Amino acid sequence: MPVHFTESKTVLGMDLAKQAMTILSLTYPGYSWFVRCDGGVIDIKCAEIGRASMIRHIKNTDHDAAVFRRDIIKSAGEFLERAHLRRKSSEGVNAQVLEGGEKIKWKKKPTILFH
């Protein structure tokens, strides 16, 4: 069962985080998404990938709802592809690899949220 979590220090940030979460959960169902919106960026994480995240700059997307939606879908899809997970709905597997994860020393141990 997927877990969805949003957070921000501001009301506006929380609204953007919730919008991003709605887009993610509808476009890529079955994945556990975490969205934080603070400091001018949206930080998108997927529990099936682990501690790695995609960072999107708010100023590049918040001027237009269609641009915001397209950017969230594209960046999250790329994130899933880099982890060799399928776009669309989750197959219930965790990432075994993350292309480009060398910079953050990514390991295949996924984040465990609840037991």
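Colleague: Where does Asp71 sit?
Modeller: Asp71 is in helix 2, residues 65–82. Helices are DSSP runs of H or I, at least four residues, and strands are runs of E, at least two, numbered from the N terminus.

Colleague: What kind of model is this?
Modeller: It is a predicted model, where local features need pLDDT of at least 70 and side-chain atom pairs count only at pLDDT 80 or more, while totals for chains, interfaces and linings use all residues. Residues are numbered from 1 along each chain as its sequence is written, and side-chain values use heavy atoms, without hydrogens or water.

Colleague: Is Asp71 buried or exposed?
Modeller: Asp71 is buried, because its relative accessible area is 15%. Buried means under 20%, exposed over 50%, and partly exposed in between, using a 1.4 Å probe and protein chains only.

Colleague: What is Asp71 in contact with?
Modeller: Arg56 and Thr61, leaving aside neighbours within four places in sequence. Contact means heavy atoms within 4.5 Å.

Colleague: Which other residues of helix 2 are buried?
Modeller: Among them are Phe68, Ile72, Ile73, Phe79 and Leu80. The cover over the buried residues of helix 2 includes helix 1 (11–27), strand 2 (33–38), strand 3 (41–46) and strand 4 (53–57).

Colleague: How far apart are the end C-alpha atoms of helix 2?
Modeller: They are 26 Å apart. The expected span is 1.5 Å times one less than the number of residues.

Colleague: What follows helix 2?
Modeller: His84 does, and its phi is positive, near 60°.

Colleague: What about Ala76? What does it touch?
Modeller: Ala76 also lies in helix 2. Ala76 touches Leu24, Tyr28 and Trp33, not counting residues up to four places away in sequence. Ala76 counts as buried, because its relative accessibility is 1%. His57 is 19 residues from Ala76 along the chain, and their C-alpha atoms are separated by 14 Å.

Colleague: How many aromatic pairs are there?
Modeller: The structure holds two. Tyr28 and Trp33 form a tilted one, 6.2 Å centre to centre with 50° between the planes. Rings of Phe, Tyr and Trp (its six-membered ring) pair if their centres lie within 6.5 Å; planes under 30 degrees apart are stacked, over 60 edge-to-face, and the rest tilted.

Colleague: Why do Tyr28 and Trp33 count as buried?
Modeller: Tyr28 counts as buried because its relative accessibility is 3%. Trp33 counts as buried because its value is 0%. Ring pairs also link Tyr28, Tyr31 and Trp33 into a cluster.
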